[in-house]
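Colleague: I am new to this one. Please show it to me, and then I will ask my questions.

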Amino acid sequence: MTTRRHVLVLAAALMAGGLLGAGQAAAPVAFDPAAFAAAQAEGRPILVQISAPWCPICRAQKPILATFSADPRFKNLAIFTIDFDSQRDLVRRFGAQMQSTLIVYKGAAEVARSVGETQAEWIEQLLEKAL
């Protein structure tokens with residue numbers, strides 16, 4: 001039993017670290033209007049992550065999001081990042097007031113958003129709304 005638990009923990013750690021790719025969502029990419037529109041047209045689940053490198057909440061969100069991107073449930077999740085400081089036009093376009101904003105789309109429709117969330121369970125529930 002202990003050996004099986006160790007194997008599962010190791011597999012989860014490897015997937016979160018990007019070393020195992022089975023079922024893994026695409027890595028986060030810088031926001032690109034054409035890629036975003038294409039993902040919406042395909043009806044894909046989408047996460048727009050607005051963050052800043054100096055933001056401690058954003059730093060706390062990153063490993064949580066990496067873990068979920070390794071989850072097979074989110075294998076089709078497209079993740080787009082927007083820098084809060086240098087991409088102010090996009091921040092305004094998405095109506096974000098703060099860094100650490102997570103916006104979830106199911107195709108073209110925004111289905112949920114969260115600001116400042118660092119609890120894994122709540123972030124998971126947010127992402128599930130896009131499925």
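Colleague: Which residues do ring pairs link into a cluster?

Modeller: First, the basis: this is a predicted model, where local features need pLDDT of at least 70 and side-chain atom pairs count only at pLDDT 80 or more, while totals for chains, interfaces and linings use all residues. Residues are numbered from 1 along each chain as its sequence is written, and side-chain values use heavy atoms, with hydrogens and water left out. Rings of Phe, Tyr and Trp (its six-membered ring) pair if their centres lie within 6.5 Å; planes under 30 degrees apart count as stacked, over 60 as edge-to-face and the rest as tilted. The cluster linked this way is Phe 31, Phe 36, Phe 80, Phe 94 and Tyr 105.

Colleague: How are the rings of Phe 36 and Phe 80 arranged, stacked or edge-to-face?

Modeller: Phe 36 is in helix H2 (residues 33-41) and Phe 80 in strand E3, 44 residues apart. Such helices (H or I, at least four residues) and strands (E, at least two) are DSSP runs, numbered from the N terminus. The ring centres of Phe 36 and Phe 80 are 5.8 Å apart and the planes stand at 80 degrees, so the pair is edge-to-face.

Colleague: Is Phe 74, which pairs with Phe 68, buried or exposed?

Modeller: The rings of Phe 68 and Phe 74 have centres 6.1 Å apart and planes at 75 degrees, so they too make an edge-to-face pair. Buried means under 20% relative accessible area, exposed over 50%, partly exposed in between (1.4 Å probe, protein chains only). Phe 74 has 1% relative accessibility, so Phe 74 counts as buried.

Colleague: What is the strand order of the open sheet?

Modeller: Two strands pair if DSSP finds at least two bridges between them. The edge strands, E1 (29-30) and E5 (109-115), each pair on one side only. Pairing is mixed, and the five strands run in the order E1-E3-E2-E4-E5.

Colleague: Which strands does helix H3 touch?

Modeller: Contact means heavy atoms within 4.5 Å. Axes are lines fitted to C-alpha atoms, for helices over the stretch in contact, with angles from 0 to 180 degrees between N-to-C directions. Helix H3 (residues 56-69) makes about 160 degrees with E2. On the sheet, H3 touches E2, E3 and E4.

Colleague: Which residues does Cys 55 touch, beyond four places away in sequence?

Modeller: Cys 55 sits in the loop between E2 and H3. At 2% relative accessibility, Cys 55 is buried. C-alpha to C-alpha, Cys 55 is 7.6 Å from Ser 100, though 45 residues apart in sequence. The residues touched are Gln 99 and Ser 100.
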